[in-house]
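Let's start with where its chains touch, then move on to other features.

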Amino acid sequence: MMSFCQTPADLESFAWFSCYLTTANHFSFYWSFITVLLLVFITAPVALLFGFGGAVAKRSTIAPLRWFGKIYTNMVRGVPELIFFLFVPIALDQAFEYVRYKLLCEDSSAPVYQGNDFVVCAAAKLPLSTAEAWVHTTYNFSLAVLAFAIVFGAFAANVIDGALSAVPKNQLETASAYGLSKRQTFWRIHVPQMWGYALAGLSNLWLILIKATPLLFLLGIEDIVYWAGYLGKTKTSFFAYPHGDWRLWYFLALLVFYLAMTYGSEKIINRLSRRFAKGQATLGANEDKAVAT
Amino acid sequence: MSCSQTIVDYGLRSIGYGERLLPKTDITLCEQFVLIGSGMIWNIYFAVLALSLGFMFSITLALGKASENPVLNRMSRGYIFFFRGSPLFIQFFFAYEAFVLLPKLGVDINLGFAVINAETRWLTKAWLGALIVLFLNTSGYAAEIFYRAYRAVPRGDVEAAQAYGMTGKTRFWRVIWPTMLRIAWPAYTNEAIFLFHATALAFFSGFPAWRQQGDALYYAKYFNDKTFNPFIPYPIAAFYFILFTLVIIFIFGLINKRLNRHVAPSQRQSIRYRPQFLR
């Protein structure tokens, strides 16, 4: 906060803007960009892990595990991901509270769905109603991360499963001819070669993940969409910095942010795919592979 | 109240016919099924119109991206990057705010037999505004698919056409176009499915629902807010979406069959669902 910002009404336009753009609310707005980046960078490895687990489960020789993998990878087909984003966090939240309800409440015989309400005793509430605000925020954020990771994990499982099938059979046969066990073949031959095939699909998912982040708004997190809408609204003279309806400009800034993220990612992905193609006996090794987005 | 009565009351609720008030207490399973199904009318409306309008525009864009004219090329590339590089969700918000700021003008369009009054106010309503956004968005995605298909047309086919003396338009419509469409079709089917799924965003972003007339997800969320039980309305909405996804796959599969009718069965491309195009 600059000292001359005490009386914004008398300021020239440049000074007015420099004050306007450094208000506490604007810093919350800038912070929400970091939230988005945080979400992306936490979700991506978790989703990759889920995806790898799902793909391995789908190819497992143990039937129940295989069924689970099949259900998980097929779950995202045919249903808009939006429904998952609305459904998964609430369902997870209620599941957690239900488990705590059975464990922590003295009288856990009453049904949790009482008419139109989901009722648990105070001790089972998650987070506790006495908890500080940041606990609530973190809890909501982790639910969002989990929802994103589950949905994108299912997408990643599809990609990794395809990539595992794409590794040439003779590679694996050669490995077993050399006397490698199944486990050794999988970890030393199959998985390292799989990444090259999975890269195009996974980088696609990365771009999609970036573009899915505004859905945080629907989960009730104060993200960039929320702040853009809030800050852009018409401010009357009751406010320190009155202005008209500027939401158009705030959303334009968001558009530019996402376009820049996409542009930067595409550059990095192109470089990565060139590196992965090195030493591969595929057509793509000799030409620049255009990454499908 | 019997279920058939509910169907009469709420079957067309999403487009303004039937009972005015939504159920508030003692919500039955039948009411959820009927009302969410009624909301699907909107999803189908958006999907059908955006896809059929977007198909033509996307091919223009794809040819623009493939063209050697620098102006056309740059413009098409920029358009495709813009709509594929930013979230549809933000595009909805941005478009809504832009439409709101437009001056409230009315233009009379004389069709000869009737006069239509086109107002800019209509752009802020979901039925037109959201449709325009979906149309522009799907055009961008589909254009990229058709552009890639265009590049994948075998060179030999084009050279053969040239050897037969075909040039310009004849060569395009007789040789390039059918092959391009055939190559693009499986990917375009996926695009159609994802556009259909994206219609669920329309009432969740900038565009408000007018008189509680919304799409399937709008009603699913309504029931969730009323009953605090997500395990019934969302699976119902998911059920409807899966149902119509199967319908899309069926229709596009028939078209795919027709496009591939001259190709040897072993070389035909089947439609494979690849969840890689959501926005």
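In this predicted model, 44 residues of chain A are in contact with 43 residues of chain B. How much area do chain A and chain B bury between them? It comes to about 4100 Å², and 74% of that is on carbon and sulfur atoms.

So much for area; what about pairs across the interface? The rule finds zero salt bridges between chain A and chain B. Polar contacts do turn up there: three residue pairs, with both residues at pLDDT 80 or more.

Now for the pieces of chain A that do the touching.

Sorted by class, the side of chain A that touches chain B has 29 nonpolar, eight polar and seven charged residues.

Next, have a look at the surface of chain B. Leu29(B), Phe33(B), Phe231(B), Ile232(B), Phe239(B) and Leu243(B) form a nonpolar patch there, and together they have about 510 Å² of accessible area. Which elements give two or more residues to the nonpolar patch? They are helix H2 (29-66) and helix H9 (233-259) of chain B. Phe231(B), one of the patch residues, sits in the loop between helix H8 (216-227) and H9 of chain B.

Finally, back to salt bridges. Although the interface of chain A and chain B has zero of them by the rule, the count over all chains comes to five. One example is in chain A, where the side chains of Asp161(A) and Lys58(A) meet at 3.2 Å, N to O. This pair links distant parts of the chain: Asp161(A) belongs to helix H5 of chain A, Lys58(A) belongs to helix H2 (residues 24-58) of chain A, and the two are 103 residues apart.

Methods. Residues numbered from 1 in each chain as written. Chains lettered and ligands numbered in written order. Predicted model: local features only at pLDDT ≥ 70, side-chain atom pairs only at ≥ 80, totals over all residues. Heavy atoms only, no water. Contact = heavy atoms within 4.5 Å. Buried area = accessible area lost by both parts, 1.4 Å probe. Salt bridge = Lys/Arg side-chain N within 4 Å of Asp/Glu carboxyl O. Polar contact = N/O pair within 3.5 Å; in protein donor to acceptor, adjacent residues only side chain to side chain. Nonpolar A, V, L, I, M, F, W, Y, C, P; charged D, E, K, R; others polar. Patch = residues over 30% accessible without salt bridge, like charges linked within 9 Å, V, L, I, M, F, W, Y side chains within 5 Å. Areas by Shrake-Rupley, 256 points an atom, 1.4 Å probe, with all protein chains shown as cover. Helix = DSSP H or I, 4+ residues; strand = E, 2+ residues; numbered from the N terminus.
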